[in-house]
Amino acid sequence: MDIHRTFAEVVFWEDGRLRHHGRVDMTRSGLEGFGRSLNMTDEVVVEATGNAMSVVRVLSPFVGRMVVANPMQVKAIAHARIKTDKIDAGVLARLHASGFLPEVWVPDNRTERLRRLVARRNQVVRHRTRVKNEVHGILQAHLVPKCPHADLFNNRGRGWLERQVLPDDERAAIARHIREIDRLAEDLADLDGDIARDAVDDAQVRRLQTITGVNAIVATGIIAAVGDIRRFSEPQKLVSYFGLNPRVRQSGPGLAQHGRISKHGRSHARAMLVEAAWAAAKAPGPLRAFFLRIRGKRGRQIAAVAVARKLAALIWHMLTKEQDYLWVRPALVAAKQRQLALKAGAPNERGVGRRGPAYAYNVKELRDREKASAEHAERAYELMVRHWRPRGPKRRTDATKEERL
């Protein structure tokens, strides 16, 4: 099926031949009527598009299997000289019949819902960032100096903004932008609540929060993107899924050339990992020591991406082996989990006369003890890599060449 917004072009593959079926309306009733004409031994192939998952949900009860193709890897359609809907559907049928169709993993209902929530939250955050940049642009255009406060849009920053000399139309535009920022903050709080209610009892989300720098939102976004960790046979598969693996060019006897990261895969999850990497680089622990070592050689940006890549490999091991982070800080994890529970709607128990699960994080001695343990792990990593020396490419000797021959 080559699906579009209002219709789908259908082609059947039977006994090694293609048979054109025609068009099917992209409505629930139209798809259900088409599904009744199929058998439980049939397999339906669609490409991953915006409405592909709805087609999968409607047709799944009528057929034996629904297959979602990866449009980025179906090169036969992208490079066809003659391109029509009928030809595209026929190519999908031929590729699937021959066993060469690149498939996309179909998430379950809970994972799909979590992906939608995380994607909507990302859209709201990006919209809010654009509005804030417009306010900064107005100030820059009128030579207003930089705000002396940490945040231009908190109470102190807004008070400073009102005292600046600006034209009336620009001041009105800033007022509209601030109202939009407040509205987006309300939407963001609602989405955070929905995400928290789905993730507060998730063992995998709690496990990822044991990593320093990974908060509940980042952990939930990673779990939503990964889905079933068992579909990745090794950590490098997960690294490649996030697009954090370097590009490689090699041909003939020449050495392999490694370039920038591929950036293929789920861009939002990759951005979350980089965000977590920047947070981990500021907290004591082996990850900060790794960041500082790479920063001294390659710079801050490459070091952050390298930490994100290490986080992806670490996440694979933790989820596969069902183990928490080795250098976990229990009080910090309890505080993260409590914040997640409060966003999910848990009652605030201040003043009830008993200590809550996140009480230890408020005790300075306990925080300092955990911080000292993380600093000890950081120093241990520094000692381990102090005498490392970079190794060049392996050179085959004549004896090795003879053995290969």
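Is Asp194 buried, partly exposed or exposed, and at what relative accessibility? Asp194 counts as partly exposed, at 25% relative accessibility; here buried means under 20% relative accessible area, exposed means over 50%, and partly exposed is in between, with a 1.4 Å probe and protein chains only.

## About the model

This is a predicted model, so local features need pLDDT of at least 70 and side-chain atom pairs count only at pLDDT 80 or more, while totals for chains, interfaces and linings use all residues. Residues are numbered from 1 along each chain as its sequence is written, and side-chain values use heavy atoms, with hydrogens and water left out.

Asp194 forms a salt bridge with Arg197, and their closest N and O atoms are 2.5 Å apart. A salt bridge here is a side-chain nitrogen of Lys or Arg within 4 Å of a carboxyl oxygen of Asp or Glu. Both residues belong to helix H7, where a spacing of 3 residues separates them by about one helical turn. Helices (H or I, at least four residues) and strands (E, at least two) are DSSP runs, numbered from the N terminus. Arg197 is partly exposed too, with a relative accessible area of 45%.

Helix H7 holds another such pair, Arg183 and Asp187, which are 4 residues apart and so about one helical turn from each other. The closest N and O atoms of this salt bridge lie 2.9 Å apart. Arg183 has a relative accessible area of 38%, which makes it partly exposed, and Asp187 is partly exposed at 28%. An α-helix has 3.6 residues a turn, so residues three or four places apart point the same way.

Which parts of the chain does the pair Arg121 and Asp192 tie together? Arg121 sits in helix H5 (residues 109-141) and Asp192 in helix H7 (residues 168-199), so the bridge links parts that are 71 residues apart in sequence. The closest N and O atoms of the pair are 2.6 Å apart. Arg121 counts as buried at 18% relative accessibility, and Asp192 is buried with a relative accessible area of 9%.

Across the whole structure, a search finds 16 salt bridges.

## Helices H1 and H2

Two packed helices are described by the angle between their axes and the distance between the axes. For helix H1 (residues 28-36) and helix H2 (residues 52-59), the axes come within 9 Å and cross at roughly 45°. Axes are lines fitted to C-alpha atoms, for helices over the stretch in contact, and angles run from 0 to 180 degrees between N-to-C directions. H1 and H2 are therefore oblique to each other; angles under 35 degrees count as roughly parallel, over 145 as roughly antiparallel, 65 to 115 as roughly perpendicular and the rest as oblique. On the H1 side, the contact (heavy atoms within 4.5 Å) is made by Arg28, Leu31, Glu32, Phe34 and Gly35, and on the H2 side by Val55, Val58 and Leu59.

H2 is mostly covered, with 6 of its 8 residues buried. Those buried residues are Ala52, Met53, Val55, Val56, Val58 and Leu59. They pack against strand S1 (2-3), H1, strand S4 (43-47), S5 and H5.

Two loop residues have a backbone feature to look at. Asp15 is not a glycine, yet has a positive phi of about 55°. Asp15 lies in the loop between strand S2 (7-14) and strand S3 (17-25), and counts as exposed at 81% relative accessibility. Leu143 has a positive phi as well, near 60°, in a residue other than glycine. The loop between H5 and helix H6 (155-162) is where Leu143 is found, and at 76% relative accessibility Leu143 counts as exposed.

Pro71 is in the loop between strand S5 (65-69) and helix H3 (75-78). With a relative accessible area of 33%, Pro71 is partly exposed. Which residues does Pro71 contact, leaving aside its neighbours within four places in sequence? Pro71 is in contact with Glu47 and Ala48. The C-alpha atoms of Pro71 and Val248, 177 residues apart along the chain, are separated by 22 Å.
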